[in-house]
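Grab the viewer and let's work through a few exercises together. Each one comes with a solution you can follow step by step.

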Amino acid sequence: MRESPKLFRPNYPKADSANAPILSAPQFSDEFQPLRERAIAWLKLNVPETRLRHIIRVEKMSVELAQRHRLDPEKAAIAGLMHDLAKFFKPDRLLQMAKDEGLELDAIDELNPHLLHADVGAIVARDEFGIHDPDILNAIRNHTLGRPQMSLLSCVVYLADGLEPGRGSTPELEELRRLSRQDLVEATWKSADCSIKHLIQARHLIHPRTVDTRNWFLQTATQRSRKS
Ligand SMILES: [Fe+2]
Ligand SMILES: [Fe+2]
């Protein structure tokens, strides 16, 4: 029998900001720099300059958060660098690639194919750049809507995408940035809350996965704090 999702929770640690590691220059493999150069050359042909700057900021913040939370900074860099590969693909192309891949689409994906740029970005990362690490591919897939039970690497890229410095400096964003350095679970819950609030204010559709992500991380943070 499949384990109930309510009972299974990945072992999300409670980050302790007081004992956060001192950040040193991340150590990357020899393959990283050529891969990065190839990705940037590809991005220059496929996204505008402003988007490329956002992507570089997401890469940088993903590395910083990964280091702070003792995750793999190279995986974070690759996922950050590749999270928006398909951002400027046309809706028909996104839908076609998602269907060819056999992805299950719901009504909101069909109405707003732009949401598929995350899933399709992972397809491009795999097919164009030979990325097969499931944690990196999932972090690319989950960067827009999140996903219940997603890994901490996915949380890092999800948070970096929404909180990189180019997103502004409102008190709400500054608080989420502080929280993201301290606790990835709580920051993911509160970032999803913030996205939902903005979607309601803007009268946009809310994808059910955004709500599922919010509920999952709210419950996980709440249960964890009850235990401690
Ligand atoms: Fe995106
Ligand atoms: Fe992005």
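**Exercise 1.** Work out how many residues of helix H8 are buried.

*Solution.* Keep in mind that you're looking at a predicted model. A residue counts as buried when 20 or more other C-beta atoms lie within 10 Å of its own. In H8, 12 of its 12 residues pass that test, so the helix is mostly covered. Among them are Leu-152, Cys-155, Tyr-158 and Asp-161. Next, look at the neighbours: the buried residues of H8 pack against H2, H3 (73-82), H7 (134-141), H9 and H10. Finally, check the span: H8 covers residues 152-163 and reaches 16 Å from its first C-alpha to its last, close to the 16 Å expected.

**Exercise 2.** Decide how H9 and H10 run relative to each other: roughly parallel or roughly antiparallel?

*Solution.* Start with the angle: H9 (residues 171-182) and H10 (residues 184-201) pack at about 155°, with their axes 8 Å apart. Angles over 145 degrees count as roughly antiparallel, so that's what H9 and H10 are. The crossing of H9 past H10 is left-handed. Now for the residues that meet: H9 brings Glu-172, Leu-176, Leu-179 and Ser-180, while the H10 side includes Leu-184, Lys-190 and Cys-194. Sorted by type, the contact residues are five nonpolar, two polar and three charged.

Note on methods
Residues numbered from 1 in each chain as written. Chains lettered and ligands numbered in written order. Predicted model: local features only at pLDDT ≥ 70, side-chain atom pairs only at ≥ 80, totals over all residues. Axes fitted to C-alpha atoms, helices over the stretch in contact; angles between N-to-C directions. Helix = DSSP H or I, 4+ residues; strand = E, 2+ residues; numbered from the N terminus. Parallel < 35°, antiparallel > 145°, perpendicular 65-115°, else oblique. Left-handed = near helix turned anticlockwise from the far one by under 90°. Contact = placed C-beta atoms within 7 Å. Nonpolar A, V, L, I, M, F, W, Y, C, P; charged D, E, K, R; others polar. Expected span 1.5 Å × (residues − 1).
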